[in-house]
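Dear colleague,

Please find below the structure that I am handing over to you. My notes on what was found in it follow directly after.

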Amino acid sequence: YENFNSEFVKQVEKKYSLLASGISLDLSGPSTTNNSQVISYTLTYVNNASFNFKNARIQFTYPTGFVYGQSSPEPNIGKNIWNISEVPIGFKGTIVVSGSFASAVPGESQTVKAEFLSVDQNGNYQKQIDATYVTRIESLPLHVSHSLTEDSTKTVVDPGDRLTYTVHYQN
């Protein structure tokens, strides 16, 4: 444009405080499964901070297709929340969750997530750290077996004898 002289300025400032959580999480499980296997995920959490965590919570987020079976210890709320009254300095805890991907689609990869939450001054839970683990859902293997159909009481066959087998398969 002729005789056009303008200055455009956009300025944004944000401040964040990043604090180390003091908690370490390790989530493990199977890298592959099919939708008929019962599998387990193990979460290990350790308090590496210089203080105790009080009124903490661990929350699992299960992916689509995961069917919860059981856990040790049992959750306090629903099938995915464990309330922990105190996590002392150096404490190491474990939660094992079992289930299956009975309604998952083979070929997909599914992600399980675990979060460690602590209560702030207002009584709200704030995430300290999370861990994820990816499992690939494979199709069920074809199961094949065979058996010899007994036509006679012979335990030894001779060359030229006819043998009849029955093949069993399941997909």
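I begin with a charged pair: Lys 113 forms a salt bridge with Glu 115, and their closest N and O atoms are 3.7 Å apart. A salt bridge here is a side-chain nitrogen of Lys or Arg within 4 Å of a carboxyl oxygen of Asp or Glu. Please note that this is a predicted model, in which local features need pLDDT of at least 70 and side-chain atom pairs count only at pLDDT 80 or more, while totals for chains, interfaces and linings use all residues. Residues are numbered from 1 along each chain as its sequence is written, and side-chain values use heavy atoms, with hydrogens and water left out.

The charged residues

Side chains of opposite charge can pair when their charged atoms come close. The structure holds 4 salt bridges. Besides its bridge to Glu 115, Lys 113 forms one with Asp 130, where the closest N and O atoms are 3.8 Å apart. This second pair links distant parts of the chain, since Lys 113 lies in strand β8 and Asp 130 in strand β9, 17 residues apart. Asp 130 is also bridged to Lys 127, with the closest N and O atoms at 3.0 Å. Through shared partners, these salt bridges join Lys 113, Glu 115, Lys 127 and Asp 130 into one network.

How accessible are Lys 113, Glu 115, Lys 127 and Asp 130? The terms are set by relative accessible area: buried is under 20%, exposed is over 50%, and partly exposed lies in between (1.4 Å probe, protein chains only). Glu 115 counts as buried because its relative accessibility is 12%. Lys 113 is partly exposed at 26%, Asp 130 is partly exposed at 31%, and Lys 127 is partly exposed at 45%.

The sheet

The protein chain has 0 helices and 11 strands. Both are DSSP runs numbered from the N terminus: helices are H or I with at least four residues, and strands are E with at least two. Two strands are taken to pair if DSSP finds at least two bridges between them.

Strands β8 (residues 109–119) and β9 (residues 125–138) pair in the antiparallel sense over 11 bridges. Ser 118 stands opposite Gln 126 in β9.

A residue in strand β2

Asn 34 is located in strand β2 and counts as buried, at 10% relative accessibility. Its side chain reaches the backbone nitrogen of Ser 36 at 2.8 Å. A polar atom of the Asn 34 side chain also lies 3.1 Å from the backbone nitrogen of Gln 37. Polar contacts are pairs of N or O atoms within 3.5 Å; within protein, one must be able to donate a hydrogen and the other to accept it, and residues adjacent in sequence count only if both atoms are side-chain atoms.

The chain overall

Of the 171 residues of the protein chain, 29% count as buried.

With kind regards
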